[in-house]
Amino acid sequence: MHEARTGSVRSRRTLVVVLITAAAVIGATFAGAASGRSTAKTISVAIVANGQMQDIAKLTPSLFTAKSGIKVKYTILDEGKLRQVTTRDVGSGGKAFDAVMIGPYEAPQFGVAGLLKDLTPLAKGDRTYSYNDLIPAVRNALSANGHLYAAPFYGESSFLMYRKDILAKNGVKMPLHPTWQQVAAAARKIKTSSMAGICLRGKPGWGDLGAAFTTVLNTFGGTWWSAKPNGKPDKAQVDQPAFKDALDFYSTLVQDAGEKDAANSSFNECLTQYQAGKVAMWYDATVAAGTLEASDSPVKGKNGFAFAPVFKTKSSGWLWSWALAIPKSSPDPSDAWKYIAWATGKQYLRAAGPRVKGGWASIPPGTRVSTYRIPQYKKAAKAFAAITLAAMKAAPINNPGTTKRPGLPGVQYVGIPQFQDVGNRCTQLISAVIAGSMKDTAAISQCQQIAAQAIK
Amino acid sequence: MTVRKRRGTRLGVGERRTFVAGVGMLAWLVGLLWIFPVAWTVFTSFKTEQDAAAQTLHQGLTLARYSDVSHSTTGTLSLQTAFTNSLVVVIVSTVIVMLLALPAAYALAIRPIHKWRDVLFFFISTKFLPVVASIFPIYVYAEKWNLIGTRTVLIILYIAINLPLAVWMTRSFFMEVPRELIEAAEIDGTSLLNQLRSVILPIAAPGIAATALLCVIFAWNEYFYALQLNFASGSTMPQWVTSNVSTRGNFLAKLSAASIIACLPVVLAGWATQKRMIRGLSMGALK
Amino acid sequence: MLPALLYVVAITQLPFLVSIYYSLTNLKDKTQSLTPEPTKFVGFQNYRQIFSDPFFREAMWTSVKMTVLAVLLSLIIGTAFALLLDRKFFGQGIIRTLLITPFLLMPVVAALIWKQQMFSSLFGVLNKALNFLGLNSIAFISDHPLASIVTVLVWQWTPFMMLIILAGLQSQPSDILEAANVDGASGVGIFRQLTLPHLRPYLELGALLGSIFIVQAFDAIDVMTGGGPGSTNVPYFVYQESIGGGFRYGSASAYAIVVVIFSIVIATFALRLLSSLFKDEERG
């Protein structure tokens with residue numbers, strides 16, 4: 001059994017080597033580990049993995065914990081996972097978080113369902129919080145029946161960004177309030193084999209493709225559901241002509257003049273391609289402007305901005321914000337409010353400017369009117385600050401389309417619980433149409449079934 | 001002719017040297033192609049983000065990404081925390097699994113109880129319920145018993161996940177032990193524990209090692225329960241890896257570095273014990 | 001023996017029993033209705049709608065396709081690899097080590113590697129290679145979602161199959177093979193008449209274990225396609241119904257119970273066929 005013995009001796013030796021390596025690695029990782037437990041208060045907050053949120057996570061120890069003595073443990077998740085976790089936590093009375101980050105889709109619904117703490121008395125009662133400084137559209141989108149249920153940390157609308165130089169080279173003028181037809185014509189004209197005319201979201205998800213598509217749907221006169229007189233959803237409207245028109249317009253535009261692999265493209269992919277000069281125009285969130293005009297951006301200074309394109313309505317830009325809310329089951333609501341008041345207050349914005357990686361242009365935009373009066377911000381964000389504020393004020397949250405619909409306020413989503421699932425599953429189908437693997441009629445009939453079933 | 005029970009260490013029956021050389025080259029080609037995605041990821045982990053995104057190498061190789069991902073802001077999930085959590089959860093759950101599987105296997109192999117077939121089937125059938133379906137009931141109870149965000153809840157769940165497989169495999173290895181040896185030990189009056197130690201375990205050892213390794217692999221790599229039931233403090237390595245998928249800017253190099261770090265322990269363990277695995281599986285995972 | 005059994009029963013059956021209970025109610029996340037909706041017992045209502053749900057049928061069909069393709073391909077390729085490795089050549093140990101590595105990776109990492117490094121239209125190596133050869137990029141994941149997911153599954157599970165088959169090859173007594181060789185049998189003939197029958201229980205084990213794990217595949221779908229026509233299998237479908245966006249826990253539980261019943265039926269048949277796995281050993 002000589003073979004077996006050498007075999008096992010060798011493998012024993014390798015095992016020892018492996019164990020020693022493992023021990024070394026463990027030792028090394030522990031070398032830098034923080035020690036001990038402190039008796040300081042600690043709150044647990046769930047936030048989304050955006051740049052501005054990661055900035056505040058970095059700045060919390062020095063700007064907040066140092067002054068208040070409250071430690072903050074962050075759970076940073078991507079949008080989809082964050083929603084699952086917060087919805088389940090808030091909806092099941094979970095105690096894992098003291099504060100959660102949600103958007104204007106969830107805030108009114110959770111608030112009306114009695115699952116969130118009413119922030120109005122806290123916000124109004126704190127003079128330094130400047131409740132009236134919050135941009136009204138943003139504030140109202142996060143409220144229900146006059147009660148604020150989530151404090152905005154970051155706000156955005158949508159608009160069109162384009163390369164001034166490319167358009168000029170092709171002799172295309174972009175008006176400040178373009179129509180979708182004008183934009184489509186421009187895109188088809190300026191596209192080349194190496195540069196797409198426009199980047200539009202195509203990745204499935206009610207907050208990805210769903211957001212961009214729904215604004216187009218609205219301004220084409222369509223909607224997801226019609227409303228009963230009492231505001232509740234009545235009938236699914238996916239099978240209506242306006243929906244098909246919007247779907248055909250969107251998908252053919254992307255197929256003709258849009259980015260490559262559109263079915264996989266959302267904000268990040270379009271951002272990368274725009275900065276790499278692979279697309280000439282981009283319809284997406286206003287917050288992108290901050291990155292495009294940042295000091296290290298390859299396209300800095302080359303960008304023009306126009307309001308979200310329209311067709312049958314006067315404005316169509318969406319409204320979204322990431323906001324902090326306190327679940328009713330939060331273990332420590334008073335410290336949670338102290339944190340929220342700091343994170344969404346005026347002082348943080350001023351303190352963040354000189355400290356965050358992208359400079360003043362990267363501080364959380366779109367929440368307070370006063371932000372747009374800060375001199376350094378006005379200077380750094382000169383190219384887009386004014387139009388961003390105007391877009392946010394113009395977002396038609398109470399009347400986004402041409403017909404009556406349920407789930408208001410809301411532009412790019414329908415504020416009813418069923419929309420999340422319907423939106424996710426229908427955008428899967430729409431994405432397949434964009435990818436060319438499904439016919440528009442098939443997608444429409446399946447989506448109509450999903451939408452009708454959901455409100456039964 | 002010598003009767004060799006193990007092959008793979010000499011020329012196969014009837015094969016000429018050149019044939020073997022040709023097959024050897026083919027094997028090299030296949031192996032390198034198969035490992036290419038991993039090799040490319042390792043390569044990417046040493047690049048800058050710009051090079052990673054463009055698949056070029058203008059800015060040379062650097063260890064900076066590894067240090068990028070090893071540092072973290074206070075208050076967010078750190079490599080140290082995730083690593084410790086993973087280590088504890090995996091070791092504890094695997095040890096307990098083996099401790100429970102051994103007597104169960106004994107009862108199904110050496111001294112089969114009457115309904116052993118049904119019991120085995122029952123064990124395997126517990127794997128038919130989709131993990132995603134059981135998550136909500138589990139969440140509800142974990143919440144009730146204050147286990148959300150702890151290592152304990154993961155340990156409990158991983159034991160449940162791995163135990164069926166461990167019982168089944170260990171039972172097969174126990175079947176390999178020649179009946180005569182066991183009967184001899186019984187006649188001698190050796191206690192159950194000593195029977196296990198002196199007779200059964202030495203023979204079944206490679207198989208048991210193989211089983212333990214599989215449990216370690218599945219526990220270390222488990223993502224779904226860890227994500228749904230644990231937040232900042234209780235997170236494990238899989239969650240730490242995905243936290244490196246950033247929404248701002250390019251992240252491919254950092255993600256590659258994080259992936260390599262996260263997978264390294266199990267990969268090293270697998271490499272070190274692969275021969276044992278094969279020997280264990282060949283012994284009779286089949287009976 | 002008893003402790004292990006009791007423990008497994010408690011941990012695995014408790015969620016199962018609770019799921020059965022939920023499936024008979026209209027349990028939803030509290031956020032799903034604007035007015036508090038008390039959870040009430042609704043009997044078999046959830047089950048009735050399952051059989052008229054075309055999307056569930058599609059998910060089951062996708063599950064079948066995905067599982068059968070992944071298991072068959074990894075079994076065939078794994079056997080081929082095992083045959084390649086079943087002799088000593090220079091660096092045999094190294095190649096074997098390299099080949100088993102994909103199985104040791106986290107499924108999430110494997111999916112991310114393929115999604116971002118290999119298949120991506122923006123960064124991907126495969127498309128860069130195609131472009132280099134003058135061909136157009138292929139949007140692998142968008143245009144071929146099922147194939148992309150099966151690729152990742154096969155990449156990860158082939159080593160597992162390979163190990164099992166390698167074990168089978170190495171447990172083959174070589175004296176019989178030598179005797180056959182001396183008798184003048186060809187390599188292919190030896191393989192077909194002697195090796196393959198010997199490998200049969202190993203192939204069956206690989207297929208069974210592989211199926212049990214691959215049918216539950218989830219991480220790859222979540223990371224690569226996020227669901228969608230053609231890549232939503234049953235676990236992902238149930239997930240979408242439950243915490244993935246539907247938050248209809250009662251209904252999701254009903255789907256899950258149906259799946260379990262289905263699987264038990266299939267497994268019972270399968271195990272009857274694969275009798276070699278449950279053969280009563282000839283002892284003594």
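Me: How far apart are the sulfur atoms of C199(A) and C270(A)?
Reply: This is a predicted model. A disulfide needs two cysteine sulfur atoms within 2.5 Å. C199(A) and C270(A) form such a bond, and their sulfur atoms are apart by 2.0 Å.

Me: Which parts of chain A does the pair C199(A) and C270(A) link, and how many residues apart are they?
Reply: C199(A) is in the loop between α8 (180-190) and α9 (209-219) of chain A. C270(A) is in helix α11 (residues 267-275) of chain A. Both cysteines are buried. The pair links distant parts of the chain, at a separation of 71 residues.

Me: Which cysteine does C426(A) join in a disulfide?
Reply: The search over all chains finds two disulfides. In this one the S to S distance is 2.0 Å. With 105° about the S-S bond, the link is right-handed. The partner of C426(A) is C447(A).

Me: Where in chain A are C426(A) and C447(A)?
Reply: The two are 21 residues apart. Both are buried. C426(A) is in helix α17 (residues 418-435), and C447(A) is in helix α18 (residues 440-454).

Me: What pattern do the disulfides of chain A follow?
Reply: Count the bonded cysteines along the chain. The pattern is 1-2, 3-4.

Me: Which cysteine sulfur is nearest to that of C215(B)?
Reply: C215(B) is in no disulfide. It is buried, with a relative accessible area of 1%. The nearest cysteine sulfur is 18 Å away, and it is that of C263(B).

Me: Why is the ring pair F218(B) and F103(C) classed as it is?
Reply: By the ring rule there are 61 aromatic pairs over all chains. In this pair the ring centres are 6.3 Å apart. Planes over 60 degrees apart count as edge-to-face. The planes here are at 85°, so the pair is edge-to-face.

Me: Which helices does the pair F218(B) and F103(C) connect?
Reply: The pair crosses between chains. Both residues are buried. F218(B) is in helix α9 (residues 192-221) of chain B, and F103(C) is in helix α4 (residues 92-104) of chain C.

Me: Is F44(C) buried or exposed?
Reply: The rings of F44(C) and Y47(C) form a tilted pair. Y47(C) counts as buried, at 13% relative accessibility. F44(C) is at 56% relative accessibility, so it counts as exposed.

Notes: Residues numbered from 1 in each chain as written. Chains lettered and ligands numbered in written order. Predicted model: local features only at pLDDT ≥ 70, side-chain atom pairs only at ≥ 80, totals over all residues. Heavy atoms only, no water. Phe/Tyr/Trp six-rings, centres within 6.5 Å; stacked < 30°, edge-to-face > 60°. Helix = DSSP H or I, 4+ residues; strand = E, 2+ residues; numbered from the N terminus. Buried < 20%, exposed > 50% of the residue type's maximum accessible area, 1.4 Å probe, protein only.
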